[in-house]
Number of protein chains: 2
Amino acid sequence: MESVHVRLGPRSYEIALTTAQPAGVGPFARRALPASTAALVVSDANTASLANDVEATLRANGFRTASVTVPAGEGTKSLAELSNLYDALYAMTADRRTAVVAVGGGVVGDLGGFAAATYNRGLPLLMVPTTMLAMVDSSVGGKTGVNHPKGKNLIGAFHQPAGVWIDTAFLDTLPDREFRSGLAEVVKYGVILDEPFFDDLEANAGDLLAREPATLRHVVGRSCRLKADVVEKDEREETGLRAVLNYGHTFAHAFETVGGYGGWLHGEAVAAGMVCAARLAERHGLIGPVLGQRQLALLTKFGLPTASKPEWPMDELIAVMRRDKKAAGGNLRFILPTRLGEVRLFDDVPEALVRDVLAAP
Amino acid sequence: MESVHVRLGPRSYEIALTTAQPAGVGPFARRALPASTAALVVSDANTASLANDVEATLRANGFRTASVTVPAGEGTKSLAELSNLYDALYAMTADRRTAVVAVGGGVVGDLGGFAAATYNRGLPLLMVPTTMLAMVDSSVGGKTGVNHPKGKNLIGAFHQPAGVWIDTAFLDTLPDREFRSGLAEVVKYGVILDEPFFDDLEANAGDLLAREPATLRHVVGRSCRLKADVVEKDEREETGLRAVLNYGHTFAHAFETVGGYGGWLHGEAVAAGMVCAARLAERHGLIGPVLGQRQLALLTKFGLPTASKPEWPMDELIAVMRRDKKAAGGNLRFILPTRLGEVRLFDDVPEALVRDVLAAP
């Protein structure tokens with residue numbers, strides 16, 4: 001079995017990479033959670049049947065299980081749904097060995113993960129991501145949380161999983177728009193950390209869009225490895241290093257907040273945000289035109305948006321960026337590329353340039 | 001200034017011990033929170049005027065401040081009040097440098113601390129405990145959380161403060177019952193860790209009950225040091241060592257849950273719980289009668305309860321103990337004394353003995 005090992009001392013864990021191995025979850029959980037005898041399986045309407053399979057293999061491997069299915073969609077990342085998970089954990093007499101198993105996309109992982117982070121001051125967590133975005137991003141690295149009515153992910157905790165089980169066959173039934181959205185974060189890893197990987201993506205875009213299993217395992221595995229490399233060096237976003245993962249995200253969060261939760265998918269917002277960030281780097285004199293052109297071409301091939309929507313008020317976008325949690329003391333801060341495969345943090349970008357870039361078609 | 005240093009690597013912090021130095025909070029906060037320029041001051045109805053003084057000294061030392069006053073009482077440790085704190089943080093445009101300053105007893109510290117632990121995945125926290133219990137226990141060690149409707153502190157996180165400011169003058173206006181309740185945890189430290197400190201408490205019980213400032217600083221400081229020694233060795237309750245602090249608490253949580261939140265104060269429940277635990281140790285053949293007699297005498301001198309209430313159903317008490325978060329796999333587990341100043345974990349205590357002890361007058 002292919003896997004990626006995340007080295008975080010006592011919080012180290014394995015990311016398993018498989019294709020069409022649904023019965024493998026139970027034995028993997030048995031190894032990743034040696035002390036656990038019970039598990040709460042969390043899923044949403046889209047993943048409830050996969051969650052049933054997961055529950056069966058957990059039971060076959062010695063776990064007592066209970067399950068909760070939450071509504072699909074970003075609105076589920078709320079204190080109210082969180083409270084329902086707490087109730088379910090209470091009802092199953094959860095103790096500190098009881099694991100939470102999140103079967104789903106980013107919403108299920110973030111919500112289930114935050115319940116695990118905060119029930120009894122911390123339960124073990126197993127991630128079973130079922131979307132491209134969750135596989136390459138949200139299930140790796142320990143970020144968990146729910147939304148505040150005024151902003152995404154404002155409430156949360158760092159809580160590393162005890163293991164991540166990735167089965168690329170889960171992607172077979174993923175709607176096309178969601179699959180493409182996940183590819184934005186994949187492109188991001190190439191731009192910020194790994195030029196050869198970016199070359200790979202350009203060369204194998206067709207196989208990737210066709211969801212060819214070996215290509216998926218390679219692309220997902222490399223993305224996880226690149227993210228893990230960063231998380232290992234700055235687990236809790238303290239040294240600034242982990243901030244490189246936020247490339248495109250200051251813009252993206254503004255698009256998501258102003259556009260509303262029903263607007264763009266996260267990866268769509270990130271795609272347009274990366275285009276803005278590359279353009280900002282160019283106007284700021286950090287790079288020439290080639291990086292932005294290649295990034296734009298790849299994102300376009302993946303069918304992703306590449307600019308802000310004209311109906312979003314500029315002043316609102318700027319206001320959201322100023323209160324972004326990556327802002328410090330009110331300054332606008334951006335992760336910008338200095339060459340393909342390398343980014344740095346800049347806090348000296350004039351607001352006028354940001355407005356120019358947002359206004360570009 | 002006297003102080004206790006808690007050594008936790010990058011999460012190390014200072015506990016300042018003062019008497020009648022209200023203007024000292026601002027300079028202390030300036031040192032403990034060098035990167036912070038804003039603070040949310042949280043208090044309850046009992047501490048709102050102290051919180052005003054704290055806000056003034058914070059502003060005089062360069063902090064922009066906002067404040068929230070929550071209702072007094074255990075019912076405030078709820079997801080609803082937590083949500084109000086999140087709203088207040090959002091309203092003041094909090095970023096990761098914005099500190100939460102909790103001015104109050106255990107309820108304010110636990111609630112404010114959990115908001116700090118989970119807003120933006122972690123804000124710096126300054127504790128200004130105003131009750132005996134908060135000074136010697138809840139403000140030191142990083143436990144934060146709120147209650148689940150079915151059980152105390154079921155939702156929470158470990159989040160160490162950046163500093164703790166203790167002013168024993170805050171105790172001058174504390175109601176007698178609350179003051180005495182806090183002394184239960186003080187007695188606990190002597191029994192579990194420090195025989196000479198227990199001797200001290202016996203010898204100086206009069207000065208302590210008279211709230212003599214130097215005695216208070218000594219007793220509070222020694223209690224903080226003893227707790228810090230344990231927390232330093234087992235910050236997140238992982239090795240089992242920190243469990244020694246739970247002496248008396250398996251019983252106490254059952255008394256609190258079955259008695260309801262309006263029943264005993266936490267320290268009162270702990271006092272009766274320690275009497276039960278010592279008696280259990282005696283029946284289990286671990287100790288002779290002297291420890292229990294001395295402990296009973298001291299707790300009685302402090303006006304604290306020393307037995308379960310006859311109207312509490314035995315089966316309910318036992319059921320709560322079985323689902324206590326210190327239980328593992330359903331076994332009853334107790335921290336029991338093996339001599340004055342030393343305790344150990346026992347998971348082989350027959351339920352019949354527990355029932356005997358609970359039935360004793």
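**Close-up views of a predicted model**

View 1. The model shown is predicted. Among the lining residues are Ala102(A), Met127(A), Val128(A), Pro129(A) and Asp110(A). Glycines also take part, including Gly104(A), Gly105(A), Gly106(A) and Gly109(A). Ser138(A) and Ser139(A) belong to the lining too. Four elements of chain A give two or more residues each: strand E5 (99-104), helix H4 (106-118), strand E6 (125-129) and helix H5 (132-138). The space inside is about 50 Å³. A search of the whole structure finds five cavities of 30 Å³ or more.

**View 2. Helix H7 of chain B has buried residues along one face.** The helix spans residues 195-203. Phe197(B), Phe198(B) and Leu201(B) are its buried residues. Seen down the axis of H7(B), they fall within an arc of 105°, so they line one face of the helix. The face turned away from this buried side carries Pro196(B) and Ala203(B), which are exposed.

**View 3. Chain A holds 14 helices and eleven strands.** Of its 361 residues, 61% are buried. A compact globule with 361 residues would have a radius of gyration near 21 Å, and the 20 Å of chain A agrees. Along the principal axes, the C-alpha atoms fill a box of roughly 60 × 40 × 35 Å.

Note on methods
Residues are numbered from 1 along each chain as its sequence is written. Chains are lettered from A and ligands numbered from 1 in the order in which they are written. This is a predicted model: local features need pLDDT of at least 70, side-chain atom pairs count only at pLDDT 80 or more; totals for chains, interfaces and linings use all residues. Side-chain values use heavy atoms; hydrogens and water are left out. On a 1 Å grid over the protein atoms alone, a cavity is a set of points where a 1.4 Å probe fits but cannot get out, and a pocket is an open set with protein on both sides within 12 Å along at least five of seven lines; lining residues have an atom within 4 Å of a point. Grid points are joined across faces, edges and corners, and a volume is the space filled by probe spheres set on the points. Buried means under 20% relative accessible area, exposed over 50%, partly exposed in between (1.4 Å probe, protein chains only). The arc is that of the directions from the helix axis to the C-beta atoms. The radius of gyration is taken over C-alpha atoms; the globule rule is 2.2 Å times the number of residues to the power 0.38.
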